[in-house]
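Dear colleague,

Please find below the structure that I am handing over to you. A summary of the findings follows it.

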Amino acid sequence: MAESNESPAAQELAAELDPTAAANARLLARLQELFGADAFTDVEEPYGLLTVTTTRERIHEIIDVLHGEEQLQLNFLTTMCGMHWPEQEGRELGMVYHLHSLTQNLRLRLKIFFPIADPVVPTLTDIYATANWMEREAYDFFGIIFTGHPNLIRILNVEDMDYHPMRREYPLEDGTREDKTDLFFGR
C-alpha cells in the first residue's frame, strides 16, 4: 500500500503497478467508510495481505457486517487462532481472524489483543458455524473464553488439564537433558 503521505498521483501510480495494493487500498477505504477511520489501528500489508487491528469490543460487529456486506462479500472465515505475547503488558493474548471473499478475491486479516487476566472474547458461532471448532481450539490451547459459545470445552487435550499448552509459559526444551549436545545438533 502506498504511504499515506505520498501525493494522490503517486498513490495511483503505485496502485497501477501493483494490483494487490490497489485492491487492498479499496478494501481499506471501504472498511473506513463502514466503521470509521478510528476503528482500525496498525494497518499493514505483510505479503500483500491487508492486516488491521481493532478491539475485542468491536470485533463481532465488524465481522457480522462484513459477512453480509454486498460490495466486499467477505463471507468465508478461513481461519481464526489465538496468540500469546507475554512481553506485551496488557495485550498478552490475542486473536487473528482471516476473512476471504471467494467472488471478489479479497483477503483480510483482523487482529485483536487483550490482557491475559481478562481472556474473554465474543463468539462468532452465530455468524459462522466453522467458528465453533476454531474457538474451542483457541480455548483449549490459549485459555481464551468465548462468551456465547454453545459448547466451550477442550477439543484436543483432556478436560482435567489445568494449563493451556500453547502459551509461552513453558520452556521449549528440557535444560537438564544430557543426550543432546551441540556437537551433534549444530547448536
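Just after helix α4, Gly143 adopts a positive phi of about 80°; helices (H or I, at least four residues) and strands (E, at least two) are DSSP runs, numbered from the N terminus. Please note that this is a predicted model, in which local features need pLDDT of at least 70 and side-chain atom pairs count only at pLDDT 80 or more, while totals for chains, interfaces and linings use all residues. Residues are numbered from 1 along each chain as its sequence is written, and side-chain values use heavy atoms, with hydrogens and water left out.

Helix α4 itself comprises 12 residues, 131-142, and reaches 16 Å from its first C-alpha to its last, close to the 16 Å expected at 1.5 Å a residue (the expected span being 1.5 Å times one less than the number of residues). Its buried residues include Met134, Arg136 and Phe141, where buried means under 20% relative accessible area, exposed over 50%, and partly exposed in between (1.4 Å probe, protein chains only). What covers the buried residues of α4 includes β3, β4, β6 (120-122) and β7 (145-147), with contact taken as heavy atoms within 4.5 Å.

Two arginines are placed over tryptophan rings. The charged end of Arg136 sits over the ring of Trp133, 5.6 Å from its centre, and that of Arg168 sits over the ring of Trp85, 4.3 Å from its centre. The criterion is NZ of Lys or CZ of Arg within 6 Å of the ring centre and within 35 degrees of the ring normal.

The structure holds 1 aromatic pair. Phe35 and Phe40 form this pair, which is edge-to-face, at 6.0 Å centre to centre and 80° between the planes; both residues are buried. Rings of Phe, Tyr and Trp (its six-membered ring) pair if their centres lie within 6.5 Å, and planes under 30 degrees apart count as stacked, over 60 as edge-to-face and the rest as tilted.

Two loop residues deserve mention. Gln73, not a glycine, has a positive phi of about 55°; Gln73 is found between α3 (56-68) and β3 (76-84) and is partly exposed, with a relative accessible area of 23%. Asn105, likewise not a glycine, has a positive phi of about 55°; Asn105 lies between β4 (93-101) and β5 (106-114) and is exposed, at 61%.

Yours sincerely
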